[in-house]
Amino acid sequence: MTEQPILSIINLKTHFYLEEQVVKAVDGVSLDVYTGRITAVVGGSGSGKSVMSLSVFNLIDKPGKISGGEIWLNGVNLRNLSEKQLLKIRGQEIAMIFQEPTSSLNPVEKIKTHLFEVIRTHNKGISKQEALSRFREVLARVGLRNADQILESYPFELSGGMCQRVMVAMGLLARAKVLIADEPTSSLDLTTQAAILEELVRLKNEGMAILLITHDLGVVAQMADDVYVMNDGKIVDSGTVYEVFDRPKHEYTKSLLKSIF
Ligand SMILES: Nc1ncnc2c1ncn2[C@@H]1O[C@H](COP(=O)(O)OP(=O)(O)OP(=O)(O)O)[C@@H](O)[C@H]1O
């Protein structure tokens, strides 16, 4: 590929310094994410996928620490930024959706407050009426048609799937270039899973770069362009989805593939 990746992780190390041992949850991971492509990171439970995605946002708490590596977004090494600068990038340039959608939203704020926060960081002078009409537009785009009712709801009043859609809508409002989706469908029923995955493909076709974290090879086969297989904190296989599925190099990938075919 001649194009430059929009997000590039180089030799990332995130370790947990426990009293009795050091857990090398992410141990020298490098990967590239391109605009208009879905890049999947697949691996079993405990392979380090979530710690890796949280590291991009510097959301690692003690006893964990990012102990090495670079995270380049659009030519800027996020590891050199202050917490304040990073906060601006989170949700603005990179949107995120997590496993537990309800817990990703602030439980004491209505959905409209979440959306106002996003739009005001981008568009300080926007009037309330203009903002509300943008909210209706993005909520409709993610399949939430009863916008007025949703805007007045608290996260706990919505289903998991609706909260995931709200998170995607927040990314759209922010005009994020990269979306990191960590097991975005694992807590959802099958119909909602399919709808969210469809939405991710639509966003990719509109030019977003998507990093999809999943343990589900079926989902990878269905929608990823590029795949990284993670095991024990390391990338053990990578390539386009065709390369990895047709010619798995590592025993771990072969065993993962055997488990679904
Ligand atoms: N706060 C923590 N303290 C100590 N070890 C941790 C902590 N958080 C994660 N780990 C360890 O880091 C490793 C990677 O965990 P991670 O949650 O990234 O796995 P995962 O691939 O996302 O798995 P899953 O799909 O089950 O979420 C695991 O061995 C886990 O025990």
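Select helix α8, residues 190-205, in this predicted model. At 1.5 Å a residue, the 16 residues of α8 should span 22 Å; the C-alpha atoms at its ends are 23 Å apart, which agrees.

Next, colour the buried residues of α8: Ile 196, Leu 197, Glu 199, Leu 200, Leu 203 and Lys 204. They lie on the same side of α8, because they cover an arc of only 150 degrees around the axis. An α-helix has 3.6 residues a turn, so residues three or four places apart point the same way.

Turn to the face of α8 directed away from its buried side, where the exposed residues Leu 190, Thr 191, Glu 198 and Asn 205 are found. Then display what the buried residues of α8 pack against: β3 (38-42), α7 (160-173), β7 (178-182), β8 (209-214) and α9 (217-223). After α8, select Gly 207, whose phi is positive, near 105 degrees.

Is Val 26 buried or exposed? Val 26 is buried, because 31 other C-beta atoms lie within 10 Å. Beyond its neighbours within four places in sequence, Val 26 is in contact with several residues, including Leu 12, Val 51, Met 52 and Gly 233. Select Asp 182 as well: Val 26 and Asp 182 are 156 residues apart in sequence and, C-alpha to C-alpha, 16 Å apart in space.

Finally, select the ligand, which 13 residues surround; the closest are Ala 25, Ser 45, Lys 49, Ser 50 and Val 51. Helix α1 provides the largest share of this shell, three residues. By type, the shell comprises four nonpolar, eight polar and one charged residue.

Definitions and conventions:
Residues are numbered from 1 along each chain as its sequence is written. This is a predicted model: local features need pLDDT of at least 70, side-chain atom pairs count only at pLDDT 80 or more; totals for chains, interfaces and linings use all residues. A residue is buried if 20 or more other C-beta atoms lie within 10 Å of its own, exposed if 12 or fewer, and partly exposed in between; C-beta atoms are placed from the backbone. Two residues are in contact if their C-beta atoms, placed from the backbone, lie within 7 Å. A residue is near a molecule or strand if its C-beta atom, placed from the backbone, lies within 6 Å of it. Helices (H or I, at least four residues) and strands (E, at least two) are DSSP runs, numbered from the N terminus. Ala, Val, Leu, Ile, Met, Phe, Trp, Tyr, Cys and Pro count as nonpolar, Asp, Glu, Lys and Arg as charged, and the others, Gly among them, as polar. The expected span of a helix is 1.5 Å times one less than its number of residues. The arc is that of the directions from the helix axis to the C-beta atoms.
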